[in-house]
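Subject: Structure handover

Hello,

Here is the structure I said I would pass on. My notes on it follow below.

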Amino acid sequence: MASHRKSRPVGTRVAGIRTPALATAALTSVALLSQSANAAPADDKPSLEEVEKKVDDLYRQAESATDNYNAAKEKTTKQRKQVDTLLQDVAQRTQKLNEAREELGSFAAAQYRTGAAAPDTATFLLADTPQDYFDQTQLMGRLTSRQKGAVDDYVSEQSATMKKRQEASQSLQTLTETQSDLKTAKATVQKKLADARDLLSELTAQEKARLAAIEKQKQQEAARKAAELAQQQAAAEKAAQEATTPQQSTPTAPDASYATKAAKALAFARAQIGKPYVWGATGPDSYDCSGLTQAAWKAAGVDLPRVTYDQVNAGTTVSLADAQPGDLVFFYDDISHVGLYIGNGMMIHAPKPGAYVREESIYYDGESAIHSVVRPA
């Protein structure tokens, strides 16, 4: 009988189990499976390193979305000005059209009063004297010529007005679409930041302390890498100074004019240290990353584009080894972050939401995070 029971397929016809022993065993199995299922989420809890990476990724995604928001906002501002200009032009042209229409009406009234037909023998017979006929003929000739000009003006103005109205309508539609993109980008930023805050809020005090220790280790490693770069750059500069011919000097060394502008940009950036990172902000009380670099170089008389993926094209790309104070350092494959190089492997930047403008190693997120170095102006 035991052999027969073992051969029974497990889990078949549970409702048909007749012996209490089998029923008890089945219930026990179900209970164990249930406990295992309930325990699974605890086993799947991410490590602190994974939490930190996920939070950093969310902040990076938020910063990338911030750039999209900034671009859409800038585009919206330009398109709104364009729409306002077009609508103003349409209003002016409509007024001219109405004036041309009134002029045509006055000609029609004049013809009605003097007779719509051209002067002929009947007009001559009605005239008191030959001089009267001559005067009426001259008047009608002038009216016909002026009326033709008025009609031409009216038709031309009407065509131009219709064209401007179409341009205004199309610009309004484009503006509406861009405003939709702006709204979407804003919602994306807010969602990513909220997700990051939720993750951090779930950590215990002990876990937060460990996370802070991990962050400190990263900063120490970044400082070490920055010191190495500073030594390399110092050695290269010394070699360039000891060179005996112009050909041996470094080709990417900035001229005095650039150094002067860079000093002004850096002085401005240093004055912003301690101000909060706020996405979409361009100062003076808060900044996002590209808002800070744009404002810094504007203080030096150089206009940079608003967003990182435009700023990266606003100058000459140089190697990291040739980076000079004032250069822009860009990060990540999507070019979603930028800082202002101050030398010795350090930069001033607006790091991320919840942080403040500060000096930090360009290796703050690892060497692989560095995308490129660009010299503006």
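Which residue follows helix 8, and what is its phi? Helix 8 is followed by Gly301, with a positive phi near 85 degrees. Please keep in mind that this is a predicted model.

Helix 8 itself spans residues 289-299 and is mostly covered, with nine of its 11 residues buried. The buried residues of helix 8 are Cys289, Ser290, Gly291, Leu292, Thr293, Gln294, Ala295, Ala296 and Trp297.

The next item is Lys225, which is part of helix 6 (residues 205-242). Is Lys225 buried or exposed? Its relative accessibility is 19%, and the cut-off for buried is under 20%, so Lys225 counts as buried. Leaving out residues up to four places away in sequence, Lys225 touches Tyr363 and Glu367.

Asn344 counts as exposed because its relative accessibility is 53%, and exposed means over 50%. Apart from neighbours within four places in sequence, the contacts of Asn344 are Ala226, Ala230 and Gln233. For one of these, Ala226, there is also a distance: 118 residues separate Asn344 and Ala226 in sequence, while their C-alpha atoms are 6.2 Å apart in space.

Regards

Note on methods. Residues are numbered from 1 along each chain as its sequence is written. This is a predicted model: local features need pLDDT of at least 70, side-chain atom pairs count only at pLDDT 80 or more; totals for chains, interfaces and linings use all residues. Side-chain values use heavy atoms; hydrogens and water are left out. Buried means under 20% relative accessible area, exposed over 50%, partly exposed in between (1.4 Å probe, protein chains only). Contact means heavy atoms within 4.5 Å. Helices (H or I, at least four residues) and strands (E, at least two) are DSSP runs, numbered from the N terminus.
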